[in-house]
2 protein chains.
Amino acid sequence: MTGEASIAHAAWLPPEALRAVASRRVLVMSDGMLAETAAQEIARAVAHHGGSLHRAADGGPFDLVLALTSADGLPDAAAMALAELDWRAGQDMLGAEGFALGRRDGVTVVLADGPAGLLYGLFHVVRLGEAAFGASLPIEVHCPVTARRMLNHWDNIDTHPVMGQVERGYSGGSIFWRDGGLTPDLGRVRAYARLLASIGVNAVTVNNVNVHATEAHLLTDRLGDVAALADVLRPYGIRTHLSVNFNSPAALGGLRTADPLDDGVRAWWADTTRQVYAAIPDFGGYVVKADSEGQPGPFGYGRTHADGANTLAAALAPFGGVVHWRAFVYNHTQDWRDRSTDRARAAYDHFAPLDGHFAGNVILQVKYGPIDFQTREPVSPVIAAMPGTRLAVELQVTQEYTGQQRHVCYLGPLWHEVLAFEPWGGGRTVAAVAAGRHADNGLTGFEGGLVAVSNVGDDPFWTGHPLAQANLYAFGRLAWNPHLDPAAVLGEWIDLTFTPAATADPGLLRRTLHEVMDDSWQTYESYTAPLGVGFMVRPGSHYGPDVDGYEYTPWGTYHFADRDGIGVDRTRATGTGFTGQYPQPWAQVYESAASCPDELLLFFHHVPYTHVLHSGKTVVQHIYDTHFEGADRVARMRSRWAGLAGLVAPDVDARVRERLDEQSRCAQEWRDQINTYFYRKSGIPDAHGRRIH
Amino acid sequence: MTGEASIAHAAWLPPEALRAVASRRVLVMSDGMLAETAAQEIARAVAHHGGSLHRAADGGPFDLVLALTSADGLPDAAAMALAELDWRAGQDMLGAEGFALGRRDGVTVVLADGPAGLLYGLFHVVRLGEAAFGASLPIEVHCPVTARRMLNHWDNIDTHPVMGQVERGYSGGSIFWRDGGLTPDLGRVRAYARLLASIGVNAVTVNNVNVHATEAHLLTDRLGDVAALADVLRPYGIRTHLSVNFNSPAALGGLRTADPLDDGVRAWWADTTRQVYAAIPDFGGYVVKADSEGQPGPFGYGRTHADGANTLAAALAPFGGVVHWRAFVYNHTQDWRDRSTDRARAAYDHFAPLDGHFAGNVILQVKYGPIDFQTREPVSPVIAAMPGTRLAVELQVTQEYTGQQRHVCYLGPLWHEVLAFEPWGGGRTVAAVAAGRHADNGLTGFEGGLVAVSNVGDDPFWTGHPLAQANLYAFGRLAWNPHLDPAAVLGEWIDLTFTPAATADPGLLRRTLHEVMDDSWQTYESYTAPLGVGFMVRPGSHYGPDVDGYEYTPWGTYHFADRDGIGVDRTRATGTGFTGQYPQPWAQVYESAASCPDELLLFFHHVPYTHVLHSGKTVVQHIYDTHFEGADRVARMRSRWAGLAGLVAPDVDARVRERLDEQSRCAQEWRDQINTYFYRKSGIPDAHGRRIH
């Protein structure tokens, strides 16, 4: 390790969060790197809170025991717990990452089949706090629903003069790269790994999916820097992945082609990958954005995406690596005059026909919606279309289209809604598809994953907006268990992050944070693009309103507002036919404006401004009402936060206030631009006579 | 001189253009730097075309004599011409830059009171070509109408990652600055100076009016680079000026203020200016953009712009220098919801009350229109509002809003219209105001000027689009003589630039260029923002259509289109009152929609789409018609150019074709976006049923 950790906010793991564990006598019975990480975590904390760490069972009694199920000489309470566990379920049910937790005889016990489970179990005890040491706890098993829980970093080594160092990053520069190379501040990377381990994230890519010239070399001559990062991430159970440029055999290898079916190209990938594993034996694999927004891909050689992905997969297979192959492929030079092309259709049209053609270690990485991380989209039909393909669902923690960490927008409810969506109307959910449980062929190891674009940078608060830390937290927690209630997850984050003040109303802080954050996604939606129509943001920056900003561009993101109505007709009957990409019942639900959910109406239908929603309001009155209300809600958010004066650390308070001021200004701007735009177009006055400019 | 001239197109002075002069016997009777420049020009050319250069009258007979009126021993023809001139007008009528030209006894004679006149006279003979050596020519006097004919370069030393090196430059990098310092290619600067001398430009600023950190130092520790440029420009009769940052006393001088009334600040400007003149004895003066679009200015110290300008003027006065003080001051953080603020009013509101308060060596530099170099604007009322102030009128040769040198847009007709405009309805024109003839106090030396932002860069064709050279040419010619017919000026440029081919139709080239270029400004206007409403360009780049792009921004450039109508109400009766800034008759003409010229209707009035223009068409039908027609006209331009195959140098032909392809694409894009926008908004179909998307 070189350098020291920069001064960063402790996020949800301040010393206070570990008080319950670290003021007690703790036994860790396991060897191995991850158990050592757990032990060190405890050692640091007990030094602060007065407890003690023990590595052998003869030093008891203990308050907390973390032990492998295979350990000899378990203390009595642990042995009792293990027996109960065996009785309930037999051996090996915990897997590599799961753990069992219970309290017997005044001892809290964490059991795991492997050291990763012990580390995750430790952080679970931290989350429980004093509740882990109270009355008897039944033995509960905690296994991740999704085996692959990955964060993609869109970090570059070089800094772009406009986009900054992190593409769509709103939290300063990269924590991995600085001054044209590896950061000297690996302590910051370690602190990040610790945070990720505490929420169960087990894979990270360390560079942007748009792989530029400098970053392409991470695969070859800059591989040492990747290995150095992997060394820091490894003790926290995190495997390192790399975004690679499909054109690498030509650009880096000097070959005359990157054709995936060319023998030389295959050999280059095989050889290059062998060298990667020589440097990083537990390397996770590649992430590829191909034939997308200017990135090279197999289309350039007349090959399919299966050809492309499988060539990289073959190189990785001997080492157990995977290819995350992104399904975000569409025509970004569309003619806005062409109403037959529908960007929403693109991923399905490209990939559904390839189902069954991908190698077993290819994971197709599909954005949750058919467009691009909008505040409101239907779930992508690709997720239901590829039973013979491993799928990962991609979320966006970085708030590109949801306020860019200048607006409070807690995304847990959005992700929960996506993950709980039932593409076939019942039974399997998106979360189950991502977990891989949908595999019809009964193969094990057919797991998919949940992936998200990280929102972290070298900002002192990690995420620009201190409250945006909650999104990172929620992603990890929901990836581990999509069934968690997002409000409860937010509650965990609040309790870990903020120390309750000794005031007349000790619940004020928690209650206020819930009031500010619980519904903040719906609040954001209410003052931005209405009824699922999407975009209406400033081109380029994607921040702030510009109703027609993308309307006449090549990007395929249109709303088609005219003096009579608005929306995109994606029906089979009269539109682009996109609704036909869904299985029933959704194909039918979305096809009819009568049955289409209000919040997605304009995504699927072009309707008059006078169309009456299920809510009983006309579309245009809904627009006025939600936008007035949305700006008012932000004003209330701001005054609620002001009520916390003195209860929050001054630096956090100052940053949040500054951001709330901007959110308030921006929400009013959205309100006024949207309302004015639709009033000018429709000529229909607000039923309540409020001021429209 | 260091370095060699880069390979650049010869523009309008290819060797062929000098054939008529340089195949003859030429006498130059004058000493001094500018006469030497003329002599060298001839010497180089005769070496190519077989004529001869003589410096003494005893080597006759001659075909062409260039002589000072004060010369002893003039050849007979010249003496005759001088006698005629004296008889007609007495001595000293030619001034420092004028010349007389005539042909007597088979000798063409140019007489001047000073060497600058000889240089300008030489280039006039070059323009005349063989016509200068034909039948007898009457003695004609040519004096510049406007004494100050200046180009502003918005060149930076540093290269901005988005804006490039030249702000609003569309012709590559700077010809003055390269790699963070003075260009090593001073030969290119010399070639530029020669072109400027040939069109009578006599002043240049060498850096951007937005003076950034690096460029601020040109005033002090980088002054040597300015002096080096001045050395190259001087032999061509061009004085060097510098854009300076108003905050320089603080930023460069380390003072605690830049308050123009502070004694230390005054002393700093005086001392700094003294050092400038020590390095550049004929330095022209400063150009200042103050309190404008983020630049510092006197407002920051609670002072007026007269205070600010006069402080700099006082520093320059002892050396005969002037301050060009830009009147482009407005609120660029306007709230679009605020309909009472009108950017068009700003310059008048700020400056008219200061008339009479500016020092005698301050020249207020006023953009020709009240907004910002739009394709169509009314003439700025400031031009008529300040009889006690020296005024320069600023034009924009660089095509920021007129196609960015990707579109053919010959601006001569626009400038001619502006210069010929009569602010008081009769008598004095804008050109007369710029010339300074309006001075009520009868003072001599009260001259104003014509200034333009240059369109030149280090592009091989100087101006990106080879045909955009004509704009640079026309600016110089119209600045010298605003009464020239812009089509005739274009004809001069064509004849100088293109060598007629020996084809069956020798006039084809000239005829085609006139067809392509003569009306290209109106063509550009026809497919872009209609009826004087302005903007509708992409924010930032200002290229291509985006109807609402500036509609909800802080820039004060709105069209207020709704489902019923469009335009900005700037009347006194119901609008912003801007029409009241004009003297009669315009105050009344513009006030009424009935009398307002069609082409400015939407600049001054908000009218229904069904409003009937003087042309008999409704506004919306006018929009449809002009946009269909405009795109068609560009298509015809393109096919006309294609008809020149083989008659134009291949590199010029290739570049022009590439640009015409883009112009054609872009004109169709404008047509479709504008028509679609107004169809969607108005719901009124095209009377001719053409395709609107």
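Across the interface of chain A and chain B, 6 salt bridges are found, a salt bridge being a side-chain nitrogen of Lys or Arg within 4 Å of a carboxyl oxygen of Asp or Glu. The model is a predicted one, in which local features need pLDDT of at least 70 and side-chain atom pairs count only at pLDDT 80 or more, whereas totals for chains, interfaces and linings use all residues. Residues are numbered from 1 along each chain as its sequence is written, chains are lettered from A and ligands numbered from 1 in the order in which they are written, and side-chain values use heavy atoms, with hydrogens and water left out.

The contact between the chains takes 28 residues from chain A and 28 residues from chain B, where contact means heavy atoms within 4.5 Å. The size of an interface is often given as the accessible area lost when the parts come together. Between chain A and chain B the buried area is about 2,600 Å², with 46% of it from carbon and sulfur atoms; buried area here is the accessible area (1.4 Å probe) that two parts lose on being put together, summed over both. On the side of chain A, the three residues A:Y552, A:R563 and A:R680 supply 33% of the area buried against chain B, more than any other three residues.

Polar contacts were also counted across this interface. Chain A and chain B share 17 residue pairs in polar contact, both residues being at pLDDT 80 or more. A polar contact is a pair of N or O atoms within 3.5 Å; within protein, one must be able to donate a hydrogen and the other to accept it, and residues adjacent in sequence count only if both atoms are side-chain atoms. The side of chain A that touches chain B comprises 8 nonpolar, 8 polar and 12 charged residues. In this classification Ala, Val, Leu, Ile, Met, Phe, Trp, Tyr, Cys and Pro count as nonpolar, Asp, Glu, Lys and Arg as charged, and the others, Gly among them, as polar.

Over all chains, the whole structure holds 87 salt bridges. A:R337 lies in the loop between β15 (322-326) and α11 (346-351) of chain A, and B:D672 in helix α21 (residues 650-682) of chain B, so the pair joins two chains. Helices (H or I, at least four residues) and strands (E, at least two) are DSSP runs, numbered from the N terminus. The side chains of A:R337 and B:D672 meet in a salt bridge with an N to O distance of 2.3 Å. Both A:R337 and B:D672 are buried, that is, under 20% relative accessible area, with exposed meaning over 50% and partly exposed in between (1.4 Å probe, protein chains only). A network of salt bridges links A:D335, A:R337, B:E669, B:R671 and B:D672.

In chain A, the side chains of A:E447 and A:R390 form a salt bridge at 3.0 Å, N to O. This pair links distant parts of the chain, with A:E447 in the loop between α13 (430-435) and β18 (449-453) and A:R390 in strand β17 (residues 390-396), 57 residues apart. Both A:E447 and A:R390 are buried. In chain B, B:R655 and B:D459 meet through their side chains in a salt bridge of 2.9 Å, N to O. Here too distant parts of the chain are linked: B:R655 belongs to helix α21 of chain B and B:D459 to the loop between β18 (449-453) and α14 (469-480), 196 residues apart. Both B:R655 and B:D459 are buried.

The domain assignment of chain A gives domain 1 (15-142), domain 2 (149-170 + 178-377 + 392-401 + 431-456) and domain 3 (525-568 + 606-682), the bounds coming from an automatic or database domain assignment. The C-alpha centres of domain 1 and domain 2 of chain A lie 35 Å apart. In chain A, 11 residues of domain 1 are in contact with 11 residues of domain 2, and the two domains bury about 890 Å² between them, 53% of it on carbon and sulfur atoms. In domain 1, A:M33, A:Y120 and A:F123 lose the most area to domain 2, together 45% of what that side buries. The count between these two domains is 2 salt bridges.
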